[in-house]
Amino acid sequence: MAAAFFTLPGRWRLVKTLRLVQNLPAVKLHLSGVAMIATEAEFEKAKNKLKTLKNDPGNEVKLRIYALFKQATEGPCNSPKPSMLDFVNKAKWDAWNSLGKIPKEEARQKYVDLIETLVSPEVPTQSEATIADVKSSFQTISVTSENNITTILLNRPAKKNAISVLMYEEIMKALEQAAKDDSTLTVMTGSGDYYCSGNDLSNFTDIGPEGVEQKSKNSGELLKRYVSHYIDFPKPLIGVINGPAVGVAVTILGLFDAVYATDKATFHAPFSQLGQSPEGCSSYTFPKIMGTSKANEILLFNKKLTAAQACELGLVTEVFPDSTFQKEVWKKLHAYAKLPKNSLAFSKQLIRGVEKEKLHAVNAQECERLVERWLSEECMNAIMGFFEKKSKL
Ligand code: COA
């Protein structure tokens with residue numbers, strides 16, 4: 001694929017088709033795709049079909065197409081990592097490399113499926129109006145509603161979906177909207193190879209004229225509001241964990257109603273490594289879910305869990321092989337979404353209601369401690385270490 005195919009701007013754009021590639025339509029894709037492997041002829045046909053694409057699918061999708069093409073024709077990424085300043089080639093390399101060792105045949109099938117979703121008129125898409133709304137309202141996430149399910153897609157794949165200040169605000173807004181919309185279930189998932197790498201560490205270095213102490217207080221308030229949105233969320237909230245999860249993306253899972261993970265996902269909350277302390281009510285939910293000593297390994301001693309371990313401990317509801325993950329999860333979710341909406345919401349509220357007050361108190365305490373931690377030398381050194389390491393690569 002020609003390099004000119006990519007005209008990457010400085011920032012990643014939101015694209016409607018990203019959702020088609022990575023989420024809901026995957027149900028359709030996998031239903032037909034898993035059992036069979038695309039032939040060379042189908043692959044060729046898909047390549048030709050791509051040329052007939054009328055609308056620009058956006059850079060994310062183009063990168064995905066590029067990566068699948070390379071994987072299907074050359075196998076796993078075999079070229080040296082370009083420098084960080086070589087943006088276009090770095091983005092392409094990242095996309096290809098993120099496919100890991102998936103076999104050429106699987107990549108070929110995924111390529112064919114992807115082109116099909118982009119070109120086929122049968123693909124269930126949202127109306128252009130809805131897509132326009134989504135595009136204009138959010139920059140770091142993408143929200144879609146279909147078949148009684150509202151999906152919040154964390155959409156900063158180039159940053160492993162790290163949660164920037166803007167993204168915190170946008171997720172809260174999306175949760176507020178989902179709480180009130182007609183959907184039965186709300187799903188949160190990530191775009192790209194990661195589910196989410198947690199708090200964007202540059203939130204700590206980006207200090208304005210307010211000064212470091214006020215910044216820390218503001219961050220504490222932001223986090224408290226963020227976690228409160230999960231505590232108070234009135235209908236079933238499901239995590240579809242498509243890859244590794246770090247920090248607050250892990251701890252907040254204790255407030256989800258069900259969590260489904262690919263076997264490629266890992267769960268890591270390296271708080272003490274970063275001079276910080278637990279958040280997302282995990283100082284309460286984790287010991288409750290898995291017992292104190294197991295929770296301590298994660299929250300105090302930075303133990304990274306595999307998906308299977310997280311499932312054994314009760315943090316994850318069920319794990320699926322990555323090859324069938326999207327198909328199986330969405331099949332399940334579509335079935336759940338047909339259950340009576342109000343019954344589900346009231347049942348969830350009863351379960352949550354028992355400890356809502358407690359959760360808010362825990363949240364407040366955790367945030368208070370973090371405001372202190374963020375100002376500590378231990379934390380500052382750890383954050384500087386992360387960025388120093390990056391700058392030396
Ligand atoms: N905050 C800010 N930037 C982050 C980030 C985070 N939490 N996680 C990833 N990124 C950025 C990286 O800096 C990199 O940016 P660049 O391409 O401009 O250099 C990009 O996302 C890709 O990450 P990279 O580190 O190159 O990918 P990797 O596969 O080698 O490693 C992680 C992925 C998630 C293991 C690694 O980025 C990491 O350790 N991130 C920090 C996670 C963390 O500590 N979170 C907070 C917990 S409280």
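In the predicted model, strand S5 and strand S7 (residues 266-268) run parallel and are joined by 2 bridges. Within this pairing, Val246 stands opposite His268 of S7. Both strands belong to an open sheet of 3 strands, arranged in the order S5-S7-S8 with mixed pairing. Strand S5 (245-246) and strand S8 (305-306) each have a single partner strand and stand at the edges, so one side of each is left without a neighbour in the sheet.

A second open sheet contains 6 strands in the order S1-S2-S3-S4-S6-S9, and its pairing is likewise described as mixed. Its edges are formed by strand S1 (141-146) and strand S9 (318-320), each of which pairs on one side only. From one strand to the next, the twist averages 20 degrees. At one end of the strand order, S1 and strand S2 (residues 149-154) run antiparallel and are connected by 6 bridges; Thr144 stands opposite Thr151 in S2.

The loop between S1 and S2 contains Asn148. The phi angle of Asn148 is near 65 degrees, a positive value in a residue other than glycine. Most residues other than glycine have a negative phi. With a relative accessibility of 38%, Asn148 counts as partly exposed. A positive phi, of about 70 degrees, also occurs at Cys281, which is not a glycine. Cys281 is located in the loop between S7 and H12. In terms of accessibility, Cys281 counts as buried, at 0% relative accessibility.

Strand S3 (residues 185-190) of the 6-stranded sheet includes Thr186. This residue is buried, its relative accessible area being 0%. When residues up to four places away in sequence are not counted, Thr186 touches Thr150, Ile152, Ala178, Phe233, Lys235, Pro236, Leu237 and Ile238. Of these contacts, Thr150 and Ile152 fall within the range of S2 (residues 149-154), while Leu237 and Ile238 fall within that of strand S4 (residues 237-241).

Further along the strand order, S4 and S6 pair in the parallel sense over 4 bridges, with Gly239 opposite Val259 in S6. The pairing of S6 with S9 is also in the parallel sense, over 3 bridges; here the bridge partner of Thr262 is Phe320 in S9. Strand S6 (residues 258-262) has 5 of its 5 residues buried, so it is largely enclosed by the rest of the structure. In a regular strand the side chains alternate between the two faces of the sheet. For S6, both faces are covered: Ala258, Tyr260 and Thr262 are buried on one side, and Val259 and Ala261 are buried on the other.

The buried residues of H17 are Leu359, Val362, Asn363, Glu366, Cys367, Leu370, Val371, Arg373 and Trp374. An α-helix has 3.6 residues a turn, so residues three or four places apart point the same way.

Two packed helices are described by the angle between their axes and the distance between the axes. For helix H12 (residues 282-290) and H17, the axes come within 9 Å and cross at roughly 125 degrees. The contact involves Ser282, Ser283, Tyr284 and Thr285 of H12, together with Lys358, Leu359, Val362 and Glu366 of H17. By class, the residues of the contact divide into 3 nonpolar, 3 polar and 2 charged. Leu359, Val362 and Glu366 are among the buried residues of H17 and also take part in the contact with H12.

Over the chain, there are 18 helices and 9 strands. Buried residues account for 51% of the 393 residues. Among contacts between residues at least 6 apart in sequence, 78% join residues at least 24 apart.

Key:
Residues numbered from 1 in each chain as written. Predicted model: local features only at pLDDT ≥ 70, side-chain atom pairs only at ≥ 80, totals over all residues. Heavy atoms only, no water. Buried < 20%, exposed > 50% of the residue type's maximum accessible area, 1.4 Å probe, protein only. Axes fitted to C-alpha atoms, helices over the stretch in contact; angles between N-to-C directions. Contact = heavy atoms within 4.5 Å. Nonpolar A, V, L, I, M, F, W, Y, C, P; charged D, E, K, R; others polar. Pairing = 2+ DSSP bridges.
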